[in-house]
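Here is a short briefing on a structure, arranged by topic. Look at the sequence and the model first, then read the points below.

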Amino acid sequence: MQFGILINEGPYTHQASDSAFLFARAAIEKGHKVQRVFFYHDGVYNATRLATPPQDDRNVAARWEKLAADHGVDLVVCVAAAQRRGITDGVLGDNFRISGLGQLVEMGIQYDRLVTFGD
Amino acid sequence: MSEMDDMDEGSGIIKKFMFLNRKAPHGTVYALEGLEVVLITAAFDQDVSMVFTDDGVYQLIKGVDTKGIEVKDFSKTYRALDGYDIEKLYVDQKSMDARGLTEEDLIVDVTVLSVDEMANLMAEQDVVISF
Amino acid sequence: MLHIVNKSATDRGSLESCLAMATKGSAVLLIEDAVYAVTKGGAAAAKIQAAAADLKIYALGPDLAARGMSGRVLDGVNVVDYGGFVDLVAEHKSCQSWL
């Protein structure tokens, strides 16, 4: 089955991105395809490569980067939300890309399921 | 980069989309950025329903003046939805009652649904996105 | 349909809104802070037990464990892991997150 995931909150303050990651990893382990993760609202902060969490904490952005590299997950950051919050191509982590809200709507149209994680 | 990048409007698939608005405007950004998604969805020719429940009904209130908090008054955008062929606007009766509101207090024409009617509408959707 | 709730019922009204709109036979999955609702002696326990007559109630095990609540789960609540969460999403035509 093809899954799309929508993340509406940034890392660390809310559990949303953690829950979404663990869901995505479990879906892949079960043989599903996680086609795209769309980052909206403060969720765009998940995409910055400038974060340096302590060594003994998880690195939320790096975890998404690796999942994308290993399993071809398309990590899309909403351009309008990103511009409001200073997330530009210059600070974007590997495998993230900035694009329009149409990419979110497309997940709903094309994939079998769309799951939202937020506050 | 524009909002219209990589849009695939020619897929021919028409799904039932429900946008469920449960939050008041201004205190958080969800109402505004949720509305932005709805406007984009209009370009994809999907079967869109926009629903307002809980504090979401406050998004549609008349007589808004945001000058004093120095943010954009996007309440007028709800009136423009018609022009985007988004005509199915529903509000939850119980949420209206709980806030002392009637249809007269709202800036757009809406269909008022009971909880059961709303529940059935939600159950028949293909995609529900909640802000 | 699958309903997903992630906020504590003693903090926000999302569980109540969800239960009012979940049609008979639907599934409700509680994750993150919402898992406190399915614990014995909790404020939402009676509400959950009443709802369980018409709805299938699930709670995410790792979120229960992280909150020290694994041993307090109400009878009739199904505890699932992330794989079970994935199965629930796959089994239902649509899902709604009550944010």
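Asp63(C) sits in helix 3 of chain C, which spans residues 61-66. The model is a predicted one. With a relative accessible area of 2%, Asp63(C) falls under the 20% limit and is therefore classed as buried. Beyond its neighbours within four places in sequence, Asp63(C) is in contact with Ile31(C), Glu32(C), Val35(C) and Tyr82(C), and also with Gln15(A).

**Where chain C meets chain A**

- On each side the contact involves 20 residues: 20 of chain C and 20 of chain A.
- About 1600 Å² is buried between chain C and chain A, and 59% of it lies on carbon and sulfur atoms.
- Between chain C and chain A there are 3 salt bridges.
- One salt bridge joins the side chains of Lys30(A) and Asp87(C), with N and O 3.1 Å apart.
- There are also 11 residue pairs in polar contact across the interface of chain C and chain A, with both residues at pLDDT 80 or more.
- On the side of chain C that touches chain A, helix 4 (82-91) and strand 5 (95-98) of chain C each provide at least two residues.
- Helix 4 of chain C gives the largest share of that side, with 7 residues.
- By type, the residues of the side of chain C that touches chain A are 9 nonpolar, 4 polar and 7 charged.

**Salt bridges**

- Side chains of opposite charge can pair when their charged atoms come close.
- Over all chains, the structure has 26 salt bridges.
- In chain A, Lys66(A) and Asp70(A) form a salt bridge through their side chains, at 2.6 Å from N to O.
- Lys66(A) and Asp70(A) are about one helical turn apart, because they are separated by 4 residues in helix 2 (residues 60-71) of chain A.
- Asp70(A) is partly exposed, at 45% relative accessible area.
- Arg85(A) and Glu33(B) form another salt bridge, and their closest N and O atoms are 3.1 Å apart.
- This pair joins two chains, because Arg85(A) is in the loop between helix 3 (79-84) and strand 4 (96-99) of chain A, while Glu33(B) is in helix 1 (residues 30-41) of chain B.
- Both Arg85(A) and Glu33(B) are buried.
- Within chain B, the side chains of Asp55(B) and Arg99(B) form a salt bridge of 2.9 Å, N to O.
- Asp55(B) is partly exposed at 32% relative accessible area, and Arg99(B) is partly exposed at 23%.
- Asp42(A), Arg84(A), Arg85(A), Glu33(B) and Glu36(B) belong to one network, joined by salt bridges that share partners.

**Cysteines**

- How many disulfides does the structure hold over all chains? The number is 0.
- Cys18(C) is in no disulfide, and the nearest cysteine sulfur, that of Cys95(C), is 12 Å away.
- Cys18(C) is buried, at 0% relative accessible area.
- Cys78(A) is buried, also at 0% relative accessibility.

**A covered helix in chain A**

- Helix 4 of chain A, residues 102-110, is mostly covered, with 8 of its 9 residues buried.
- Among the buried residues of helix 4 of chain A are Leu104(A), Val105(A), Glu106(A) and Met107(A).

Key
Residues numbered from 1 in each chain as written. Chains lettered and ligands numbered in written order. Predicted model: local features only at pLDDT ≥ 70, side-chain atom pairs only at ≥ 80, totals over all residues. Heavy atoms only, no water. Contact = heavy atoms within 4.5 Å. Buried area = accessible area lost by both parts, 1.4 Å probe. Salt bridge = Lys/Arg side-chain N within 4 Å of Asp/Glu carboxyl O. Polar contact = N/O pair within 3.5 Å; in protein donor to acceptor, adjacent residues only side chain to side chain. Nonpolar A, V, L, I, M, F, W, Y, C, P; charged D, E, K, R; others polar. Disulfide = S-S within 2.5 Å. Buried < 20%, exposed > 50% of the residue type's maximum accessible area, 1.4 Å probe, protein only.
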